[in-house]
Structure formats: C-alpha cells, structure tokens
Amino acid sequence: MPSRPVVGYVADRWVGPINMYTLMTLLLGIVSFTWLGVSSRVGMYVFAVFFGISNGAAQGVFVGSLASLTKDPRKMGTRFGMVCTTVAFATLAGPPTAGAIIDRSGGEYLWAQIWAGLVIVLAAFTMAAARCAATGFKLKVKI
Amino acid sequence: MTAGLDIEKSAAVCVPRDHPEQYSSDSEDVAHATTAEFQPPDGGLVAWTQVAAGCLVNMMAWGYPSTFGVFQLYYRDTLGLPEAQISWIGSLQTFLAFLTCTFSGRLADAGYIRSTVIAGCFLVVFGTLMTSFATEYWQIFLAQGVCTGLGLGIMFMPPLAVINSYFSKKRSYALAISATGTGLGSVVFPATIQYLIPQVGFPWAVRYSAFVALFISVASVLMLRPQLLPRKSGPLVEWSAFKEVPYVLYTLGAFLFFWAIYFGFFFVSFVLRLIGSLPTNNIYRSTHTPGMSQASRRLIRSNSSLY
C-alpha cells in the first residue's frame, strides 16, 4: 500500500510538497530511461512495478504541491481545475505523439522511450523552476 | 458574505472570548467565516472522514477508468471493431474527466460541494447503466465515453477542495492518502467486471459495477462536510492566475508530466502484448500498472495465479 501516504508524510514533515513532487518526477524520469534497457518479459514486469511505484509517488503529491502554491484555499478548486483542464489536452496528445514517433522510426520504440524520459525529466526541471520562482534560489526551503 | 458575517457575529456574541476551544467545537457544523478567521483543524474525526470520502471518490474518478482494458477486449471480440477505434472511447473518457475540472472546481469553490458530487455520480451511474444496454459503437461512445467521462470529472474536484480546507500542516499527507483510492479502485472495478462476465454475462456484470459505483457515491456524499464560506462571485476561469510565474510553471510541468505518462500507461500494456503473453494476462498487467503503487507484488502474484 505504501508509496503515496509515505511520500505525502515525508513531504509534510521534512521536504515540502513541491520539492517532493520535483524529486519524484525526476525519479520517474530516471525509471523511464531504464525502460531502454528492458528486453525480456521479466524485465518488463520489473519495469512495470517500478514505473507504477514512482508514478504513484509523484501523483500522490501532485495536488498537495499546487495547494502549497495557492494562498487562498477558497480558490483551490478553480485553480486545480484549470491545471486539470490543461492536462486534459496532454493526456489526449500523449499516445498519438508517441505513436507518431514510433511510426517515424519504423516501428522501433527507442526514440519514443527517449522522448518520454526526456519530457518527464523536463517536467521535473519545470517544477523546480516553479519552486524557485516562488521562493527564490535557496536550497533549503520547505515548500 | 453577509450571512457568513452574521454567523460569525452571533457566534462571537454567544461564546465568551476566553473560551476559544468552545468556539471551535460548537461551530464545527456551521459554515466557517472568512479564511483569515479560520484555522484548519489538521486532524480529528470530521477531517479524516473527509479524507475517506475523497478516497472513495478517487476510487471512482481514476480507478473506474482503468476498467477500460477489460471493456476493450470485450468490444473487440463481440463487436469486431478495430482496436484504435475502440480506444477512442477510453481516451475521450479520460479527456473529458480532466476537461470538466475547471467547471467542477469553480462550483466547488462556490460551495456546491454535495450537489456537484451528486450530479457527477448520477452521470457515472447512468452512463454505466446505459453502457450495459448498448449494442452499437455510437451508443457505447456516448454512454461510456461522453456521459461517464463528464461525470467522473464533475465528481472528482469538490472533495479535494474540502480536504484542502481541513488541513494545513498535514495537507499533503491527507491528500496523498485520499489519492490511494485511485489504486484501490483500479484493482476493485476491473476485478469485479472480470469475475462477473463469465458468471452473469456482460450486461449484468456492467450493471453490478454501476451498483458498486452507486454505493460508493452515496457513502462519499453522506460523509462530505464542507466548511469554507462559499466564494459565490468571481469568474469561471481565474485568468490572473496565469500572470503568476510559479502557477504557470507548475501548469507547464503538469502538462509535460501527463503528456509523457499516458504513453507509459498505454505502452506498458502494449509492449507486453508484443513480448507475447496470454490475452487475460495482458489485461491484468495493464490494469495493475496504475494500481501498482497500491497493490503489492503478492497481490499481483495471487491474481495471475487466479486467471
């Protein structure tokens, strides 16, 4: 059962939700790159397990990290809703984008996997930038 | 605003100033005053009940869609449609679930917590029931893609806003616990349908899952107890939020994250199919990926031995 509550607890207690989301997204990016090395069925299962765990960890603090950016809790619904509506287009575009990359590279998954890993790592850096924009360039800020 | 101020004034009159504890416990059921006055309790039975309600709603909102792996195989085998065409139903469902969040989020902020959740639940249960009667592609597309998708998005947002208002120091912990519902739901719903199809047939299996959804909805609505004063005025979309750099960067980061992550979900199951295992095994791998954070390896092992 563990990853989400554990990540949420650690975020509240020590790290801060946005920092935690950034770290977990980076971890997810790294896990995505290990996908490149998967060639067997057992390897695929192991990858699926780690992908699931790190995805759960990242998404567990997804809402919490926006909440820590939102000063007025009465605006939380609207603001998170706006993020979700933007995300809607991402979910719609994701599989076809990957599909197009796969078609371009002649049915090979390699470039699509590299694309996914890079985009997730880029997401982590963007989150880090959001955190810096909110707090300034300080290393030890709990947010 | 005036009603809230009246409550605040009368409470201040009734309760002596030197008994702040009494003030807070007496007015627990009353809608609280302005945010400046209000301190989140950060715990207690009422607050954790909201987390439980959020967990149930998450079970439906993000757990239920993972049933689509089971549906997809059924539609392919019985309707003889190409997989790409069928998967449009699932994609549209997810897309609409996210898309409607701005509306349901604004409604939640305006104080329509229970009514918004009830409306969403009605659409989900109705859409699922209609799916059980559907025999043509366009019927399934409307019932499962459009109706259920809209419902899932509408019901998802209000509990989050409520949980957010009950916690401050333990906020991420509370929100993360409510998010475990996603994993629970993505094990419960597919397993229900998968078990029942051979026993009672597809239409009744889907109807039973609609009843499960109805039960979960009623339970969560009974538990929800909004406490913030509604923010009635104000536009649907708060465009000024996009002038705040952290918010814009956060939104961009979330966009990138979900852009790539759905490729992950989608292709973990697809690649497994290429590597070549039995079809039922595939469903299990694909349904378990979102639930993986929840379900331990033990559960997966017991499931694969069952099927």
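Predicted model: local features only at pLDDT ≥ 70, side-chain atom pairs only at ≥ 80, totals over all residues.
## Chain A overall

Chain A holds six helices and zero strands. Read from the N terminus, its elements run α-α-α-α-α-α. Its C-alpha atoms fill a box of roughly 50 × 30 × 30 Å along the principal axes.

Burial covers 52% of the 143 residues of chain A. Among contacts in chain A with a separation of 6 or more, 68% link residues 24 or more positions apart.

## Helix α2 of chain A

Helix α2 of chain A spans residues 17-34, which makes 18 residues. From the first C-alpha to the last, α2(A) reaches 26 Å. That is close to the 26 Å expected at 1.5 Å a residue.

α2(A) is mostly covered. Of its 18 residues, 13 are buried.

## The α1–α3 pair in chain A

Two packed helices are described by the angle between their axes and the distance between the axes. Helix α1 (residues 3-15) and helix α3 (residues 41-60) of chain A have axes that come within 8 Å. The axes cross at roughly 45°. The crossing of α1(A) past α3(A) is right-handed.

Which residues make the contact? On α1(A) they are Ser3(A), Arg4(A), Val7(A) and Gly8(A). On α3(A) they are Ile53(A), Gly56(A), Ala57(A) and Gly60(A). By class, the contact of α1(A) with α3(A) has three nonpolar, four polar and one charged residues. Spacing along a helix bears on such a set. An α-helix has 3.6 residues a turn, so residues three or four places apart point the same way.

## The interface with chain B

Chain A and chain B touch through 66 residues of chain A and 68 residues of chain B. On the chain B side, these helices each supply at least two residues: α5 (83-99), α6 (101-109), α8 (137-166), α9 (171-200), α11 (245-275) and α12 (279-291).

Which helix gives the most to this side of chain B? It is α11(B), with 25 residues. The residues of chain B that touch chain A divide into 41 nonpolar, 18 polar and nine charged.

Definitions and conventions:
Residues numbered from 1 in each chain as written. Chains lettered and ligands numbered in written order. Contact = placed C-beta atoms within 7 Å. Helix = DSSP H or I, 4+ residues; strand = E, 2+ residues; numbered from the N terminus. Nonpolar A, V, L, I, M, F, W, Y, C, P; charged D, E, K, R; others polar. Expected span 1.5 Å × (residues − 1). Buried ≥ 20, exposed ≤ 12 C-beta atoms within 10 Å, placed from the backbone. Axes fitted to C-alpha atoms, helices over the stretch in contact; angles between N-to-C directions. Left-handed = near helix turned anticlockwise from the far one by under 90°.
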